[in-house]
Amino acid sequence: MVRIVLEPFAKVNLGLDIVGRRDDGYHEVKMIMQSVDLKDCMTLTVTDEDIVAIMTDSKDIPADDSNIVIKAIKLLKQEYGIKKGINVELKKNIPIAGGMAGGSADAAAALRGMNELFNLKLDDKKLCELGVKLGADVPYCIMGGTMLSEGIGEVLTPLKSAPDCYAAIVKPAFSVSTKKVYEAYDSLSGDRIIHPDIDGLIDAINEGDLYKMCTRMGNSLESVTEKDHPYITEIKRILEEKGAVKAMMSGSGPTVFAIFDDKDKANSAISVFDNNERIEMTTVVKFLN
Ligand code: ATP
């Protein structure tokens, strides 16, 4: 095989709790991750020259060795002594630095792609072990679906599929640095820290109860990012006014997603943001298993 086409999928966090901080500075999390059908498109082509190069339609991601896709490919080349080169073509649809794990999803897909192209026969466990070296969300992105993610993101437990629904995605026209959001979180005093009921959320998912699930969704980082960017609060308010069962920020933000039980309501809600220069993109997605 000389070429493979991959479709890295974005995620939202149905729940995100920070349960501790390790001595090395990493945060210990308890998150419910959910894949959604918003995807990038990536082609890997094997070349004879020992060079890894990337071409992308996005001006907002690096096209050099700091791109996480290049890091993923080079990691496998080094681990398995691969001397061939790779040309990457990457079309970005997942918002960048938006809290939807776009970079991690691309890295995960690159690992899977390399595994196929060079017939490395790495199982999911091994791919996840390699993936966490690239980023805490990469192991989840290798697996996808509905998962409990613990540790720094590498301890994964599959859950029952989340109840069927539509999620309206609204990405404001600014991005946030995940690192800075976690730093700001660390400087919060105890009583301002929210800890969502992740176990209760898992029960609601197991029961297949969309409305109960929505009452238990929560994100410890939401108030941190909202403090600097009150427009996020405004977007959530608008989406809930337009009939969302629940609107919440994903990951470290600033992307907001809103759960709807009806597709038309979800589409009508995002249309409120048409031609709004403060909004970078909107779409309605389904959850993926
Ligand atoms: P998370 O939800 O895991 O916090 P995110 O969605 O907020 O991630 P990303 O889109 O993964 O953030 O981007 C984070 C940073 O990584 C950006 O500064 C971006 O320039 C850089 N980056 C490097 N490679 C990529 C890539 N292939 N796709 C997207 N971003 C990349």
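Two strands are taken to pair if DSSP finds at least two bridges between them. In the predicted model examined here, two bridges join β2 to β10, and these strands run parallel; the pair therefore meets the requirement of at least two bridges. Within this arrangement, Leu-16 stands opposite Asn-219 in β10. Strands of a sheet pair through backbone hydrogen bonds, in either a parallel or an antiparallel manner.

The pairing of β2 with β10 belongs to an open sheet of five strands, ordered β8-β7-β3-β2-β10, in which the pairing is mixed. The edges of this sheet are formed by β8 (155-158) and β10 (218-219), each of which pairs on one side only.

The largest pocket holds about 1,200 Å³ of space. It is lined by 42 residues, of which Ser-104, Gly-135, Ala-136, Asp-137 and Thr-178 are the closest to its centre. By class, the lining comprises 19 nonpolar, 14 polar and nine charged residues. Both domain 1 (3-158) and domain 2 (166-286) contribute to the lining of this pocket, with at least three residues from each. At least two lining residues are supplied by each of the strands β2 (9-21) and β3 (27-39) and by each of the helices α1 (68-79), α2 (102-117) and α5 (178-186).

The structure contains zero aromatic pairs.

Terms used. Residues numbered from 1 in each chain as written. Predicted model: local features only at pLDDT ≥ 70, side-chain atom pairs only at ≥ 80, totals over all residues. Heavy atoms only, no water. Phe/Tyr/Trp six-rings, centres within 6.5 Å; stacked < 30°, edge-to-face > 60°. 1 Å grid on protein atoms, 1.4 Å probe; cavity = no way out; pocket = protein on both sides within 12 Å on 5 of 7 lines; lining within 4 Å. Points joined across faces, edges and corners; volume = space filled by probe spheres on them. Helix = DSSP H or I, 4+ residues; strand = E, 2+ residues; numbered from the N terminus. Nonpolar A, V, L, I, M, F, W, Y, C, P; charged D, E, K, R; others polar. Domains from an automatic or database assignment.
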